[in-house]
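Subject: Structure handover

Hello,

Here is the structure I promised, with its sequence. Please open both before you read on. My notes follow below.

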Amino acid sequence: MAAPTDTTRPGETRDELRETVIETLQKAPQGGPPLDDETILRAFDFARTAHEGQTRKSGEPYIVHPVAVLQILVRQRMDTDTLVAALLHDTVEDCESVDLHDVAREFGEHVAVIVDGVTKIGGLKFASTEHRQSVNYRKMLLSMSRDIRVIFVKFADRLHNMRTIGSLAPEKAGRIARETLEVYAPLAHRFGMGSIKWELEDLCLKVLEPEFYAQLIDKIELKREEREEVIEQAIAPIREKLVSYGVQHRIYGRPKHFYSIFNKIHNRRKTFEEILDLFAIRIMVDRIEDCYFVLGAVHNIYNPITDKFSDYVATPKSNGYQSLHTKVVGPGGRTLEIQIRTEEMNRVAEFGLAAHWIYKEGGKRDQHLGDFFKWIKQVLDENVADSDSTEFLEDFKINLYQDDVFVFSPKGDLYKLPKGSTPIDFAFAIHTNVGLACSGARIDQKFVGLDAELTSGSIVEIVTAKNQKPSEDWLRIAKTNRARSKIRRWLKERRWHESRDLGEEILRKELEKEQLGIRSVNLTDLAQTSGFRGVDQLYAALGAGDLSLATLMRKILPESGETEQDTLLKRIFRRGGDKKKARKSAVRIGGLGNMAVQFARCCQPLPGDDIVGFVATGQGVKIHRSNCANVSRMIGRSERQVDVEWDSDRSDNFNARLMIVASDRKNLIHDISECLANLDVNITQFTMKRQDELAIGRCVLDVKSLNHLQQIINKIKALPKVIRVDRHDQSADW
């Protein structure tokens, strides 16, 4: 297999580029939609004028890039509007002389919608914060929901950028390659666009694993003649048999993609030799019936390997892919991977959603196209705009990598779920209420745990119980976006109700101490003056610890003699009173104690840190570390900033976050926990996830000071194979 190559021509003149466009249109593949060459050439002239004087990092005229994007999309059999948008896709963003109205006026609203969509997702940056990634991925999905051709242009744009990535600095090239591998390649897979996916993955491998890539090219080249000979030996008896039966067919050796080889070596612990000794053949026929006939003929010639057959013709993958896959023992005892499909199935495998867009005249293809729009809508609907950015990114990426299993209900209803799904996913696929009450499951009449992995062909029965409720563990078990979204929503609502009930109880008991009933207070006014939409929201904030009880009591029982001239601090805080009831803080405010204080969650300051305080109406004084990222936007608002200092007479415990990076090994979690136990440190939160060969741990500890935290860090760093231990702000990658 040859390495991917760039099809652009460095150094072409303006006239030569126009000739390139004409030649590309003349050689457009058969079977695509009719093209309006005149409009496309007019778009080329428009783009060339707009990009006049602009160059790429390689030094080429910028117009070379839109022409290359056009060439890619012509091979994908795109229509005229898409090709025009390909030529114009950077004009609105990069050319001051062009705006969207110009594009719409010259080439129509459809083209403007595509250009606008590509422009909006053009700012996607892998190295940005999770929130920014989340916002941009949502923009991408929304743009696709308006016109799916947006993503076709974006794929072609990214593919050409990857082909020419050698002109960028290594660090930037690596960032773009990682983003491409994490988002664009799996998105191409999700949309069934195999030819785009395979090339993007191979180009990313070339950037991210250059030594492996070079070795692979050398090893494949060394075995080329041997492989061709083995494949021809394997093909000959199949070809002879099909000719004797009069079956129209094409048969050839199927090249292996570099990234696929890389994955098998690193994920399945295979060697180069083991992977390269697997030989792949593809057989193309005219009719679906011929697929099964050819399968029988192949199995008559070569012995099939048990459990290595997949029928994606009868049960297509969620991206529309159809084919028969089988493995057999070929000549010399070598394993042969054989794919059997029709020419139409092969076109869909290469072009995926693009094929359904172009050939959408009724029937099955329309259904496939509808499935893609349904997927986009599901991701957007089940991850609402105000949901946690980390949750959205996690679910978005899970949705990109879906292969399918097909299972049945006891009544015989067929359900298609992502590979790796569990009974919990199946329960939520039936109905939300079934999922929330799921207490157990039977697979093929045998009881299994809720974390059991479903396999195709199984009959799944869900057992429910009235008192059963979801738990945090279900988020680890569930794989589908629907199930995870419903579980998270239920858990958030439960926590909110618990906080609300707790807040009401706290306020009621405090009022009883003051010999007041809760009905004697105008709670609606209290909520509004405290900045809350209603009484329930006030209770929930109080119960969750986001609102100070002292602040509320100050509003309910103001000091006598106060005037409108009182300072902001006096209006918010209650001073003096019963010394026994006074709540002392580890921080003195403006030289005085006995003030309501909250330590900012974003940076969680510790004694020993330089600190600064800001008045937060209805919440007290929030204490930040002076180097906190949120402080810079607050500095200068003198009416809100107050002088604060640590009270050296106090000895309290504080929360501190740590991130631990270590080489993954046995007993790692046990050793860290034992280390902290020996230090008499309380752990309030601890998670550990494996990432490649590393283990990434995140924990929240109770500590007394900055010096105490540093002692803990030093002890953990001394453990075997621990690479890094860092204090982590909530604003960082937490």
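A contact here means heavy atoms within 4.5 Å. Take the contacts between residues at least 6 apart in sequence: 67% of them join residues at least 24 apart. Please keep in mind that this is a predicted model.

Overall picture

The protein has 734 residues, and 49% of them count as buried. Its secondary structure comes to 30 helices and 20 strands. The accessible surface is about 36,600 Å². Carbon and sulfur atoms account for 48% of that surface.

Cores

The largest nonpolar core holds 70 residues. Leu73, Leu88 and Phe155 have the most contacts inside this core. Helix H10, residues 170–190, gives the most to it, with nine residues. There is also a second, separate core of 31 residues. Ile611, Val644, Leu676 and Ile713 are among its members.

Look at Leu88 in the viewer. Setting aside residues up to four places away in sequence, Leu88 touches Ala43, Phe46 and Ala47, and also Val103, Phe107, Val111 and Val115.

Helix H9

Helix H9 covers residues 149–163, which is 15 residues. From first C-alpha to last, H9 reaches 21 Å, close to the 21 Å expected at 1.5 Å a residue. H9 is mostly covered, with 14 of its 15 residues buried.

Aromatic pairs

The structure holds 10 aromatic pairs. One of them is Tyr415 with Phe426, an edge-to-face pair. Their centres are 5.1 Å apart, with 70 degrees between the planes. Tyr415 is in strand S7 (residues 414–418) and Phe426 in helix H21 (residues 423–430), 11 residues apart. Phe426 counts as buried because its relative accessibility is 1%, and the cut-off is under 20%.

Trp646 and Phe654 also pair. Their ring centres are 5.7 Å apart and their planes stand at 85 degrees, so this pair is edge-to-face too. The angle cut-off for that label is over 60 degrees. Both partners are buried: Trp646 has a relative accessible area of 17%, and Phe654 is at 6%.

Elsewhere, Phe212, Tyr259 and Phe262 form one aromatic cluster.

Two backbone points

Most residues other than glycine have a negative phi. Which residues here have a positive value instead? Gln604 is one of them, with phi near 45 degrees. Lys721 also has a positive phi, about 65 degrees, although it is not a glycine.

Where do they sit? Gln604 is in the loop between strand S12 (597–599) and strand S13 (611–616). Lys721 is in the loop between helix H30 (706–717) and strand S20 (722–727).

Are they buried or exposed? Gln604 is at 13% relative accessibility, so it counts as buried. Lys721 is at 52%, so it counts as exposed. The cut-off for exposed is over 50%.

Leu694

Leu694 is in strand S19, residues 694–703. Its relative accessible area is 31%, so Leu694 is partly exposed. Leaving aside neighbours within four places in sequence, Leu694 is in contact with Val661, Ala662, Ser663 and Asp664, as well as Lys689 and Ile723. Leu694 and Arg665 are 29 residues apart in sequence, and their C-alpha atoms are 8.7 Å apart in space.

Best wishes

How values were computed. Residues are numbered from 1 along each chain as its sequence is written. This is a predicted model: local features need pLDDT of at least 70, side-chain atom pairs count only at pLDDT 80 or more; totals for chains, interfaces and linings use all residues. Side-chain values use heavy atoms; hydrogens and water are left out. Helices (H or I, at least four residues) and strands (E, at least two) are DSSP runs, numbered from the N terminus. Buried means under 20% relative accessible area, exposed over 50%, partly exposed in between (1.4 Å probe, protein chains only). Accessible areas come from the Shrake-Rupley method with a 1.4 Å probe; for residues, only the protein chains shown count as cover. A nonpolar core is a set of buried Ala, Val, Leu, Ile, Met, Phe, Trp, Tyr and Cys residues joined through side-chain atoms within 4.5 Å. The expected span of a helix is 1.5 Å times one less than its number of residues. Rings of Phe, Tyr and Trp (its six-membered ring) pair if their centres lie within 6.5 Å; planes under 30 degrees apart count as stacked, over 60 as edge-to-face and the rest as tilted.
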